[in-house]
Amino acid sequence: MELKKRLGGKVSFYRTSIGMTQERLAEELDLSVDMIGKIERGTAAPSFNTLEKLCNVLDKDILELFGDSLQTELKTPKANTLREINSVLIKLNEKDLERALKLLKALT
């Protein structure tokens, strides 16, 4: 599956799962409703700035928006655990991230 279509499908899925309309998402991202439709259909690709805004509005990290397409091919339990840890850490603010690092260092 092509990357734009995978991203578009995820955007549509996450948007509808939180009960958000295309109109509301367009407003949040400062885009036209037509552009949101194109992104969701996979006929247009969002800019990096728009991707960052999408992550914030949908409360998802970039890996969740792209699904398996950006994840490593490793399917080991360790790789899965590292991906899960990363998906939690990526949502933390700088202060909480520093605290998490201290906790990890204390565990090792």
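Mentor: We begin with a definition: helices are DSSP runs of at least four residues, numbered from the N terminus. Please note also that this model is predicted.

Trainee: In which helix is Arg 15 placed?

Mentor: Arg 15 belongs to helix H1.

Trainee: Does Arg 15 count as buried or exposed, and why?

Mentor: Buried means under 20% relative accessible area. Arg 15 counts as buried because its relative accessibility is 8%.

Trainee: Which residues are in contact with Arg 15, leaving aside its neighbours within four places in sequence?

Mentor: Those residues are Met 20, Thr 21, Gln 22, Leu 25, Glu 40 and Leu 58. For Met 20, the backbone oxygen lies 2.8 Å from a polar atom of the Arg 15 side chain.

Trainee: How should I read a nonpolar core?

Mentor: In soluble globular proteins, nonpolar side chains tend to be buried together. Here the largest nonpolar core has 14 residues, and those touching the most other members are Leu 7, Val 11, Leu 25, Leu 54, Leu 58 and Leu 65. Helices H1 (3-17), H2 (22-29), H4 (48-58) and H5 (62-66) each give two or more residues to this core. H4 supplies the largest share, four residues.

Trainee: What is Val 11 in contact with, beyond neighbours within four places in sequence?

Mentor: Val 11 is in contact with Leu 25, Glu 40, Leu 54, Leu 58 and Leu 65.

Trainee: Which residues line the largest pocket?

Mentor: The lining includes Glu 52, Asp 59, Lys 60, Ile 62 and Ile 90. By class, the lining has five charged, three nonpolar and one polar residue. The space in this pocket is about 190 Å³, and H4 gives the largest share of the lining, three residues.

How values were computed. Residues are numbered from 1 along each chain as its sequence is written. This is a predicted model: local features need pLDDT of at least 70, side-chain atom pairs count only at pLDDT 80 or more; totals for chains, interfaces and linings use all residues. Side-chain values use heavy atoms; hydrogens and water are left out. A nonpolar core is a set of buried Ala, Val, Leu, Ile, Met, Phe, Trp, Tyr and Cys residues joined through side-chain atoms within 4.5 Å. Buried means under 20% relative accessible area, exposed over 50%, partly exposed in between (1.4 Å probe, protein chains only). Contact means heavy atoms within 4.5 Å. On a 1 Å grid over the protein atoms alone, a cavity is a set of points where a 1.4 Å probe fits but cannot get out, and a pocket is an open set with protein on both sides within 12 Å along at least five of seven lines; lining residues have an atom within 4 Å of a point. Grid points are joined across faces, edges and corners, and a volume is the space filled by probe spheres set on the points. Ala, Val, Leu, Ile, Met, Phe, Trp, Tyr, Cys and Pro count as nonpolar, Asp, Glu, Lys and Arg as charged, and the others, Gly among them, as polar. A polar contact is a pair of N or O atoms within 3.5 Å; within protein, one must be able to donate a hydrogen and the other to accept it, and residues adjacent in sequence count only if both atoms are side-chain atoms.
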